[in-house]
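Q: Hi! Could you walk me through this protein in plain words?

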Amino acid sequence: MCVTCGCSDDKEAKITNLEHEHHTHTLPDGTVITHTHHHEQPANIHAQVHNTTISLEQEILGKNNLLAAQNRGWFKGRNILALNLMSSPGAGKTTLLTRTINDLKDKLTISVIEGDQETTNDAEKIKSTGCKVVQINTGTGCHLDASMIERGLQQLNPPLDSVVMIENVGNLVCPALFDLGEQAKVVILSVTEGEDKPIKYPHMFRASQVMILTKIDLLPYLQFDVQRCVEYAKQVNPQMQIFQVSATTGVGLDEWYEFLFNFNL
């Protein structure tokens, strides 16, 4: 179950949304709050409204974290670098991924777990590179979780001393909450989005070790302040590594590839 938006996933990753139900409450200080159970308010507001603690959230994330730790041990025992690629829809994850696989196929073995709500479209694009890929469809679910990755790895069976790229469902909220057992989270932001995304979705950027700013070949045609975007990202996460790339022209990809080769497992 996603504690952020209320979707619940079964063992087959077929996920259904809880029905929207609107409520209005008046807090002790006189503040009036209207909310739904589908998109929850922050935990402190929710606790005031219902006079409860978020024990369900802790239970769900606790179970997920145990499975994630098992996945992490599985990767470590096989010397596999696992990266969790996250972004909003259309940021260019799949394009960057296919370019990376094609450029490095003679130097690095890469396998992919592809997460989408529906279709195998992106998985087919990945497969066309000759890369091993497993598709996970989450239905109405907004993220992958550790149990899905565990099952995906059984089918994928990546080789020793390789890289597993996990392309998460397009969403800048829920995927940040769920540890999959990866060595690093990589958030991908395109210049076709707002430069203030890091401060609008701070948990995603705070949880990620790497930010890749994509589609920089389009900068001459857009009003996007790269410096401000980088400053916002560093404001949220001072330790974050940032790469500026174009998967179309290849600009900046060498630094991204160097990161992959030099990542310390």
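Predicted model: local features only at pLDDT ≥ 70, side-chain atom pairs only at ≥ 80, totals over all residues.

Q: Okay, what is in the chain, how many helices and strands?
A: The protein chain has nine helices and 11 strands.

Q: And how much of the chain is buried?
A: Buried residues account for 48% of the 265 residues in the protein chain.

Q: What about contacts between residues that sit apart in sequence?
A: Take the contacts in the protein chain between residues at least 6 apart in sequence. Of these, 68% join residues at least 24 apart.

Q: Now the sheet, please. Which strands form it, and in what order?
A: The open sheet has seven strands, and the order is β7-β6-β8-β5-β9-β10-β11. Their pairing is parallel.

Q: Which ones are the edge strands?
A: Those are β7 (132-137) and β11 (241-244), and each of them pairs on one side only.

Q: How many degrees are neighbouring strands turned against each other?
A: On average, neighbouring strands of this sheet are turned by 20 degrees against each other, with direction ignored.

Q: Which helix packs on the sheet and touches β9, β10 and β11?
A: That is helix α8, residues 226-236. The direction of α8 makes about 160 degrees with that of β11.

Q: Let's zoom in on β5. Why is it described as largely enclosed?
A: Strand β5 covers residues 81-87, and seven of its seven residues are buried, so the rest of the structure largely encloses it. Buried here means under 20% relative accessible area.

Q: Which β5 residues point which way?
A: Leu81, Leu83, Leu85 and Ser87 point one way, while Ala82, Asn84 and Met86 point the other way. All of them are buried.

Q: How many bridges join β5 to β8?
A: Five bridges join β5 to β8 (residues 163-167), and the two strands run parallel.

Q: Switching to β6: are its residues buried or exposed?
A: Seven of the seven residues of β6 are buried, so to speak a mostly covered strand. Ile110, Val112, Glu114 and Asp116 lie on one side, with Ser111, Ile113 and Gly115 on the other, and all are buried.

Q: What does β6 pair with?
A: β6 (residues 110-116) is joined to β8 by five bridges, and these strands run parallel. β6 also pairs with β7 in the parallel sense, over six bridges.

Q: Which residues line the largest cavity?
A: The lining is made of Leu85, Leu96, Leu97, Thr100, Met165, Ile188, Ile212 and Trp256. Helix α3 (residues 93-104) gives the most to this lining, with three residues.

Q: What is the lining like by class?
A: It has seven nonpolar residues, one polar residue and no charged residues.

Notes: Residues numbered from 1 in each chain as written. Heavy atoms only, no water. Buried < 20%, exposed > 50% of the residue type's maximum accessible area, 1.4 Å probe, protein only. Helix = DSSP H or I, 4+ residues; strand = E, 2+ residues; numbered from the N terminus. Pairing = 2+ DSSP bridges. Axes fitted to C-alpha atoms, helices over the stretch in contact; angles between N-to-C directions. Contact = heavy atoms within 4.5 Å. 1 Å grid on protein atoms, 1.4 Å probe; cavity = no way out; pocket = protein on both sides within 12 Å on 5 of 7 lines; lining within 4 Å. Nonpolar A, V, L, I, M, F, W, Y, C, P; charged D, E, K, R; others polar.
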